[in-house]
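Please open the structure in a viewer and keep the selection tool at hand. The stops below are to be visited in order.

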Amino acid sequence: MRLAAAALASASLLALAPSGPPTLPEQMADTGGGSQLITAQAPRVDSTSGTLTWWHRRNGHWVKAGSAAARFGAKGLAEGGSRKQGSNTTPTGLYDLPFAFGIKAAPAGTALRYRRVRKESWWCQDNDSRSYNRWTEPRPADCRASESEHLIAHERQYAYALVVGFNYERPVRGRGAGIFLHVDGAGATAGCVSVSEDAMRRILGWVDPAKGPHMAIGTVSGGTAITRY
């Protein structure tokens, strides 16, 4: 009986063991400590397109929840810690997701804090402003319109968006501002990551702030490989 019980226990352990190669999050150095993760992976540092995948952690393993084609900066990707503002590159790294926003109403099931874009909503990108890399309503006097984004002017792209926490908590001027995951436009972005409107709706209905969601951006290999983050 003891042998039979041992055999049954071994069979149960094998059934619980993951099959196949490790998933992308399981190959990463850090996933942020939560149980939700979005990965945006490009083939090379000069790529302008790739794949966005969202994952949840279940029974100790990362499981794919969905995926979509993604677009990156017009000049590809750049290491987040050394990126320069205005370079049209998407910053690589691991980031939190402070809040969501959109011109349209929040999709059903949205749990993350969601700010509705209004006529006076701006994202300040002026390096000389005290509001650098912040949402402002209205635009403050020290934040030049020519150095900022009038959010409502981007009707398609900002129908739905997630703020990516790049250079957000303690902004370094000149590194870059206004990096989002948003609805795609006609082509590559100015540094954000974009996906279809349907994908954005699904992501916003899936992200749960109680599960510590993060977003990792990187390439398949090299110095900006997503597995380094």
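Predicted model: local features only at pLDDT ≥ 70, side-chain atom pairs only at ≥ 80, totals over all residues.

Leaving aside its neighbours within four places in sequence, with which residues is Arg57 in contact? Select Arg57 together with Ser35 and Trp62, for these are the residues with which Arg57 is in contact, where contact means heavy atoms within 4.5 Å.

Residues are numbered from 1 along each chain as its sequence is written, and side-chain values use heavy atoms, with hydrogens and water left out.

**The surroundings of Arg57**

Arg57 belongs to strand 2 (residues 49–58); strands are DSSP runs of E, at least two residues, numbered from the N terminus. Next, display Gly60, whose backbone oxygen is reached by the side chain of Arg57 at 2.9 Å. Arg57 counts as partly exposed because its relative accessibility is 39% (buried means under 20% relative accessible area, exposed over 50%, partly exposed in between, with a 1.4 Å probe and protein chains only).

**The cysteines**

Now select Cys124 and Cys143, which are joined by a disulfide with an S to S distance of 2.2 Å; a disulfide is a pair of cysteine sulfur atoms within 2.5 Å. Cys124 lies in strand 8 (residues 122–124) and Cys143 in the loop between strand 9 (134–136) and strand 10 (148–150), so the pair ties together parts that are 19 residues apart in sequence. The torsion about the S-S bond is about 120°, so this disulfide is right-handed. Cys124 is buried, at 0% relative accessibility, and Cys143 is likewise buried at 0%.

Cys192 is buried, at 7% relative accessibility.

**The largest pocket**

A pocket is an open set of points on a 1 Å grid over the protein atoms alone, where a 1.4 Å probe fits, with protein on both sides within 12 Å along at least five of seven lines; lining residues have an atom within 4 Å of a point. The largest pocket holds about 350 Å³ of space, a volume being the space filled by probe spheres set on the points.

Notes: Helix = DSSP H or I, 4+ residues; strand = E, 2+ residues; numbered from the N terminus. Polar contact = N/O pair within 3.5 Å; in protein donor to acceptor, adjacent residues only side chain to side chain.
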